[in-house]
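Open the model in your viewer and keep the sequence panel beside it. We will stop at a few places, one selection at a time.

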Amino acid sequence: MNVILLAHTPEPDALVAAAARICYRDITAQELLQGEENNLSRKLIAELFRSGHMSTFEHVSFTFGIDGLSRVASHQLVRHRVASFSQQSQRYVKMSGEEENMIIPPIIQANSEALRIFQNAAKTSQESYKLLVDMGIPKEDARFILPHGYSTRLVMTMNARELHHFFSLRLCRRAQWEIHELARKMLILCREKAPVLFDRAGPSCIFGRCEEARTCGNPYKDMEDL
């Protein structure tokens, strides 16, 4: 899986802090970004976390390019409704039959017999897809035979508030392995551009509580444990 940060709101830490200042201080819009952000942004954003005033995080957004994600995982992604998605269409793009286009779960890769069964089934479906397309069946109809594990590409945009929600759910140990890996890579990219905003991003167990109905019994010790 390859994940890159295509674009983001400039100076995201400073902008969120500036948005918060206008709520609490008698200053003009022109004064919001003048002179204070380096000294006060970290303290102010920490206070936003403590108070639950997360609406200010919605002023900044991050756009990711994602390659090599299965449609199993992309179906989970679209459940995050406060996000925008543009995904490779199987209606218009012909799906090639190379083995690398299939996402194989690690537990299957580690079992030779399971891997053989998986690869045989994937090869059969891919060959059948090609035969249907060659017969003149539209790609949008031939695709019905393709596995959920087929690789896809997409562009996804989320604001910082939704990213925090996404990380809290998808970095939990109980999350599906593939979307967990996606979330881990996204968080690394976010921290590079907005270290203050995402200093406390991650599963709730890191901050001393578990919000899952069924705990995994193995909470993260700290951020580095992710």
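Helices (H or I, at least four residues) and strands (E, at least two) are DSSP runs, numbered from the N terminus. This is a predicted model: local features need pLDDT of at least 70, side-chain atom pairs count only at pLDDT 80 or more, and totals for chains, interfaces and linings use all residues. Residues are numbered from 1 along each chain as its sequence is written, and side-chain values use heavy atoms, leaving out hydrogens and water.

**Stop one.** Select D67, in strand β2. D67 is partly exposed, at 34% relative accessibility. (Buried means under 20% relative accessible area, exposed over 50%, partly exposed in between, with a 1.4 Å probe and protein chains only.) Now show its contacts (heavy atoms within 4.5 Å). Not counting residues up to four places away in sequence, D67 touches M1, N2, T152 and R153.

**Stop two.** Select F64, F167 and F198. Of the 39 residues in the largest nonpolar core, these three touch the most other members. (Such a core is a set of buried Ala, Val, Leu, Ile, Met, Phe, Trp, Tyr and Cys residues joined through side-chain atoms within 4.5 Å.) Which helix gives the most to this core? Helix α8 does, with seven residues.

**Stop three.** Select M95, A122, A142 and Y150. They are among the eleven residues of a second, separate core.

**Last stop.** Select E11, in the loop between β1 (2–8) and α1 (12–24). E11 is not a glycine, yet has a positive phi of about 45 degrees. Most residues other than glycine have a negative phi. E11 is exposed, at 57% relative accessible area.
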